[in-house]
Amino acid sequence: MGVLACDRKSCDNIMCDHYSPRFGYICYSCLQELIAELNKGGWSDFDSAVEEFMGTRHYDREVYGVEELVSETFKLRD
Ligand SMILES: [Zn+2]
C-alpha cells in the first residue's frame with residue numbers, strides 16, 4: 001500500500017481517507033474546504049467545480065494574500 005497523498009495541488013497531506021476514481025485522493029482538511037467552497041455556490045457543473053478546486057493550492061484563499069502568492073510564484077533569483 002502506497003502513501004495516500006492528497007491530490008490537491010500543493011497539498012502534501014498523506015493518509016487520505018477519501019478517494020475518487022476521477023479526482024484521486026483528498027485529505028480531510030481539503031474535503032472540508034471543498035464543501036465550504038461548494039456551499040458558497042457560483043458553480044454550475046459539479047465535476048468542473050471540483051476540478052478547479054483541486055487545482056487551487058491548500059488554503060490559498062484563507063491564509064495567503066495576493067502579495068504572498070505573487071512572491072511565492074515569482075521567487076527572487078539567487
Ligand atoms: Zn489536501
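Author: Let's start with a term: a residue is buried if 20 or more other C-beta atoms lie within 10 Å of its own, exposed if 12 or fewer, and partly exposed in between, with C-beta atoms placed from the backbone. This is a predicted model, so local features need pLDDT of at least 70 and side-chain atom pairs count only at pLDDT 80 or more, while totals for chains, interfaces and linings use all residues. Residues are numbered from 1 along each chain as its sequence is written.

Reader: Fine. Why is Ser10 called exposed?

Author: Ser10 has 12 C-beta neighbours inside 10 Å, and the cut-off for exposed is 12 or fewer, so Ser10 counts as exposed. Ser10 sits in the segment before strand 1 (18–20). Ser10 is not a glycine, yet its phi is positive, about 65°.

Reader: And what makes Met15 exposed?

Author: Met15 has 11 C-beta neighbours inside 10 Å, so Met15 also meets the rule of 12 or fewer. Met15 lies in the segment before strand 1 too, and this non-glycine has a positive phi of about 60°.

Reader: Why is Cys30 called buried?

Author: Count again: 24 other C-beta atoms lie within 10 Å of Cys30, and buried takes 20 or more, so Cys30 is buried. Cys30 is in helix 1, and its C-alpha is 9.2 Å from that of Asn13, 17 residues away along the chain. Over the whole protein, buried residues come to 12% of the 78 residues.

Reader: Which residues make up the largest nonpolar core?

Author: Cys6, Cys11, Cys16, Tyr25, Ile26, Cys27 and Cys30, 7 residues in all. They get the name because a nonpolar core is a set of buried Ala, Val, Leu, Ile, Met, Phe, Trp, Tyr and Cys residues joined through C-beta atoms within 7 Å.

Reader: What is Ile26 in contact with, leaving aside its neighbours within four places in sequence?

Author: Cys6, Asp7, Arg8, Cys16, His18 and Leu31. In contact here says that the C-beta atoms of two residues, placed from the backbone, lie within 7 Å. Of the protein's contacts with a separation of 6 or more, 27% join residues 24 or more positions apart.

Reader: Is Ile35 buried or exposed?

Author: Exposed, because Ile35 has 9 C-beta neighbours inside 10 Å and the limit is 12. Ile35 is found in helix 1 (residues 28–40). Its C-alpha is 9.7 Å from that of Val50, 15 residues apart in sequence.

Conventions:
Helix = DSSP H or I, 4+ residues; strand = E, 2+ residues; numbered from the N terminus.
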